[in-house]
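Grab a pencil and have a look at the model below.

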Amino acid sequence: MYRLILIVGLLVVAYFLLRSAIREFRGRKDQTLTDKNLMVQDPVCRMYVPRESAVAASIGGQTYYFCSRDCADTFQKQLSS
Ligand SMILES: [Zn+2]
């Protein structure tokens, strides 16, 4: 009888550990989808940069993200030419 209680107790502990591990995993997955960590592609040099540190430029009502000011200027020149 005591052994049964012990096994049930261990199963409950294992269940809670597993559940919190899954929750933590999901939390991390969600974090990568937040705006801060979102990767954006530079349309000029095709490089991927984190949106947080990218150079944002609003051109023609649309926001574009660049790795540097140089790429943003190049893009604007390309559009105007
Ligand atoms: Zn670039």
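Predicted model: local features only at pLDDT ≥ 70, side-chain atom pairs only at ≥ 80, totals over all residues.

Residues are numbered from 1 along each chain as its sequence is written, and side-chain values use heavy atoms, with hydrogens and water left out.

**Exercise 1.** Work out the order of helices and strands along the chain.

*Solution.* Start by counting: two helices and four strands (DSSP runs, H or I of at least four residues and E of at least two, numbered from the N terminus). Then read along the sequence, and you get α-β-β-β-β-α.

**Exercise 2.** Find the protein donors of the zinc ion and name their arrangement.

*Solution.* Step one: look for N, O and S atoms within 2.8 Å of the metal (3.2 Å for Na, K and Ca); water is not among the atoms, so sites may look incomplete. That gives D42 (OD), C45 (SG), C67 (SG) and C71 (SG), 2.1 to 2.2 Å from the zinc ion. Step two: write their spacing, D-x2-C-x21-C-x3-C. Here C45, in the loop between β1 (39–41) and β2 (48–50), pairs up with C71 in helix α2 (residues 69–80), 26 residues away. Step three: check the angles. They run from 97 to 122 degrees, so the arrangement is tetrahedral (four donors, all angles between 85 and 135 degrees).

Definitions and conventions. Tetrahedral: all angles 85-135°; square planar, octahedral: opposite > 155°, others 65-115°.
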